[in-house]
Amino acid sequence: MIAKINSVANVGLTSLPVEVEVDVATQGFPAFNIVGLPSKAVEEAKERVKTAIVNSGFSFPQKKITVNLAPGDLAKDGSCYDLPIAVGILVASGEVKEETINGAVYYGELSLDGHVRHTKGVLLVGIFAQKTDTKEIFVPIESSPEASVIENIKVIPVRNLVELVSHLNNQKLIEPLENVEVERLIEAGESEFDFSEVLGQETAKRALMIAASGGHNILMSGPPGSGKTMLARALPSILPPLNPKEALEVTRIYSATGLLSPGEAIVRVRPFRYPHHSTSLAGLIGGGSKPLPGEVSLAHLGVMFLDEMAEFPRSVMESMRQPMEDGKVVVSRAAGRVEYPANFMLVAAVNTCPCGYLNHPKRECKCTIRQIEKYKRRISGPILDRIDLHVNVPAVEAEKLTGNTKAQSSNEIREKVINVRKIQDERFKQKEGLYTNSQMRNKEVKEFCKLSDEGNRLMRLAVDKYDLSTRSYFRILKVARTIADLSARSHLAGEIEVDHLAEALQYRMRVF
């Protein structure tokens with residue numbers, strides 16, 4: 001008898017249909033074979049499935065069993081095929097009625113005692129079911145909250161094979177999960193520092209507020225101890241909460257990589273990634289023999305903070321050009337091509353020189369000119385050109401250290417940032433995949449960043465005087481658009497004024 005069970009294969013962030021065909025032959029020596037380009041993990045399913053069925057109290061057929069994972073030319077990887085293979089064998093051996101399968105999707109790893117383990121990628125299965133009009137999916141109970149955020153599908157949380165067989169035989173039904181509204185799960189970000197705790201550095205705080213409002217890249221340069229790292233770590237406290245669409249985008253990546261904890265439904269806050277400067281190329285960009293997302297993708301719609309940016313290997317930094325420009329990473333291998341989103345906000349911090357005290361008012365720099373030049377060459381011009389705001393973070397003056405001046409709190413700043421994001425939501429509601437001003441393409445810049453005659457004259461002067469590249473020109477306009485949004489008194493965007501352009505140009509003057 002042949003049983004056919006539906007499952008999926010997750011390739012990157014895309015789910016493809018897989019049909020698990022199980023044949024229990026009436027003739028031939030007892031054997032258990034899996035075909036259809038299975039990986040080592042899939043091959044080992046033979047032992048897991050057999051032991052799980054026996055330990056669950058069901059009889060395992062001592063016959064020739066052949067499992068085909070179709071289509072045969074698609075590589076299958078992971079332990080997620082344990083559950084559909086087990087169901088197929090139980091159907092083919094008569095333990096489960098064939099008519100109860102109902103075209104549902106089965107997905108999950110089995111333990112040796114028949115329990116269904118937490119399995120990565122369940123959210124992708126839910127999205128696949130929604131797109132293909134599959135009404136029902138059977139997934140591990142610990143992973144089922146991921147799929148519960150997807151509308152119009154029935155999520156059946158499976159604890160073990162015994163409960164599943166009882167459900168399929170209509171003996172004791174498993175209650176499906178109720179759909180969960182994403183808005184109820186989203187939270188505001190927390191951080192170890194509040195902006196009110198950072199002494200002085202008003203210019204840097206203003207620049208970070210602009211960066212958070214429009215999703216712009218920012219570079220902070222200054223001596224050790226000036227507060228660059230503290231400012232960056234305080235940034236999550238002013239970032240706006242994810243909206244439901246963004247939350248699902250981010251959670252897809254974390255689900256596919258197995259970074260969602262058991263029982264966790266969704267990524268609740270914006271990502272804040274903080275890779276060490278020893279991170280490899282594959283670790284930062286993504287890749288490997290089985291291409292996985294790197295730090296740039298894990299920071300999608302959030303922040304990636306590179307402390308001591310100049311200490312990262314130049315080859316690693318150069319590989320960030322494409323994701324900084326295109327908002328995605330394409331990993332090509334002999335086995336295939338995988339694309340991951342990487343629309344992140346880069347926050348970088350550097351010292352002014354190897355010792356850190358170049359142009360310091362009170363400390364003497366001990367670096368030679370050659371050492372300083374070599375240090376500054378570690379970050380190439382094209383990378384610096386892709387950073388929207390360049391800010392000098394000087395040493396804090398003694399008066400500000402000992403004074404009692406009260407600074408704005410993170411909550412006050414966050415309210416302004418959220419207001420600006422609302423303006424951008426309204427602006428880009430007809431633009432698929434655009435959430436912030438920094439993501440605008442050239443055609444959107446021309447549409448939403450129109451200048452007055454005086455503004456055009458200022459930009460022409462700036463291009464001639466500072467020899468600005470085309471990329472720099474458009475990035476200045478994007479920053480000016482965000483500054484104009486910040487100055488707006490309501491949820492309606494204001495016009496870009498000359499003073500907005502002047503401030504944007506000021507942040508374009510390189511400090512490294």
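Gln201 counts as buried, at 8% relative accessibility. Buried means under 20% relative accessible area, exposed over 50%, and partly exposed in between, with a 1.4 Å probe and protein chains only. The model is predicted: local features need pLDDT of at least 70, side-chain atom pairs count only at pLDDT 80 or more, and totals for chains, interfaces and linings use all residues. Residues are numbered from 1 along each chain as its sequence is written, and side-chain values use heavy atoms, without hydrogens and water.

Gln201 sits in the loop between H7 and H8. Helices (H or I, at least four residues) and strands (E, at least two) are DSSP runs, numbered from the N terminus. Two non-glycine residues with positive phi are tabulated here.

| Residue | Phi | Relative accessibility |
|---|---|---|
| Asn170 | near 60 degrees | 57%, exposed |
| Gln201 | about 55 degrees | 8%, buried |

Asn170 lies between helix H6 (161-168) and helix H7 (182-185), in the loop. Another loop, between strand E4 (64-70) and helix H3 (82-92), holds Pro71. Ala70 and Pro71 are joined by a cis peptide bond, with omega about 5 degrees.

Now the cysteines. A disulfide is a pair of cysteine sulfur atoms within 2.5 Å. By this rule the count is zero. For Cys353, the nearest cysteine sulfur belongs to Cys355, 3.5 Å away. For Cys365, the nearest is that of Cys353, at 3.7 Å. Cys353 is buried, at 0% relative accessibility.
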